[in-house]
Amino acid sequence: MPNAALAASAPLWPKDTTVAKNAFYGDFHGAKWQAQYLTRVTPPFRMFYDKKPIPSLLVNRKIASSLLTVFNEIWNECEHDQKKVDATGASDFGGCFNIRPIAGSNNWSNHSWACAIDLSPGSNGFNMKTTLSRVVIDAFKAEGWRWGGDYKNRRDPMHFEAVRPA
Ligand SMILES: [Zn+2]
């Protein structure tokens, strides 16, 4: 189904502030945070990191079911054909959980909370024209995710994050 619009069942993500994200996703500085908040999502299609197959992705448990909905939507739109998925750019995983600042900033990246995912990083660097298919972008947007390709200043087209504007 075409789904550029927000799905009726889309989750309400926290605002993109440290306070709101810590309340919803937990504080990644906590000693037990990884054990309490991280879980694994197994995509319906094959995914690769640096061309090596990965069986599952480590993500914040709060995004797990939504991310699986996104992946299933892509899988269905591609008629369960791995080659078609590969052509959308969705199977080229660029990372999720990674405690680090935003490039060129003192603020923590949303990857620190494991609520952001990068896809096809090699061809979707800052301010590049995206190579990701509309199928991928629309599937995330239907779940209320924000796409870095829509950022006003430095566009980040590989990047999707489960937050709403602060
Ligand atoms: Zn990213």
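Strand E5 (residues 92-95) and strand E6 pair in the antiparallel sense over two bridges, where a pair of strands needs at least two bridges found by DSSP. This is a predicted model, in which local features need pLDDT of at least 70 and side-chain atom pairs count only at pLDDT 80 or more, while totals for chains, interfaces and linings use all residues. Residues are numbered from 1 along each chain as its sequence is written.

Strand E6 also has strand E8 (residues 159-161) as an antiparallel partner, joined to it by three bridges. Here are some of the bridge partners around E6.

| Residue | Bridge partner |
|---|---|
| Phenylalanine 93 | Leucine 119, in E6 |
| Glycine 95 | Aspartate 118, in E6 |
| Aspartate 118 | Histidine 159, in E8 |

In general, strands of a sheet pair through backbone hydrogen bonds, either parallel or antiparallel. The open sheet here has six strands in the order E3-E2-E5-E6-E8-E7, with mixed pairing. Strands E3 (52-54) and E7 (146-147) stand at its edges with a single partner strand each, so one side of each is left without a neighbour in the sheet.

Is strand E6 covered on one face or on both? Both faces of E6 (residues 116-119) are covered, with Ala116 and Asp118 buried on one side and Ile117 and Leu119 buried on the other. Buried means that 20 or more other C-beta atoms lie within 10 Å of the residue's own, exposed means 12 or fewer, and partly exposed is in between, with C-beta atoms placed from the backbone. In a regular strand the side chains alternate between the two faces of the sheet.

Now for the helices. Eight of the nine residues of H5 are buried, so this helix is largely enclosed by the rest of the structure. Among them are Val136, Ile137, Asp138 and Lys141. The buried residues of H5 pack against H3, helix H4 (82-88), E6, E7 and E8. After H5 comes glycine 144, which has a positive phi, near 80 degrees. Helices (H or I, at least four residues) and strands (E, at least two) are DSSP runs, numbered from the N terminus.

Helix H3 (residues 61-77) and helix H5 (residues 134-142) pack at an angle of about 145 degrees, their axes 9 Å apart. Those axes are lines fitted to C-alpha atoms over the stretch in contact, and the angle, on a scale from 0 to 180 degrees, is taken between N-to-C directions. Val70, Glu73, Ile74 and Glu77 in H3 meet Val135, Val136, Ala139, Phe140 and Ala142 in H5. Two residues are in contact if their C-beta atoms, placed from the backbone, lie within 7 Å.

Tryptophan 75 also lies in H3. With 19 other C-beta atoms within 10 Å, tryptophan 75 is partly exposed. Beyond its neighbours within four places in sequence, tryptophan 75 is in contact with Pro44, Phe45, His80 and Val85.

Finally, the chain as a whole. Its secondary structure comes to five helices and eight strands, which run α-α-β-β-β-β-α-α-β-β-α-β-β from the N terminus. Buried residues make up 38% of the 166 residues. Of the contacts between residues at least 6 apart in sequence, 61% join residues at least 24 apart. The C-alpha atoms fill a box of roughly 40 × 35 × 35 Å along the principal axes.
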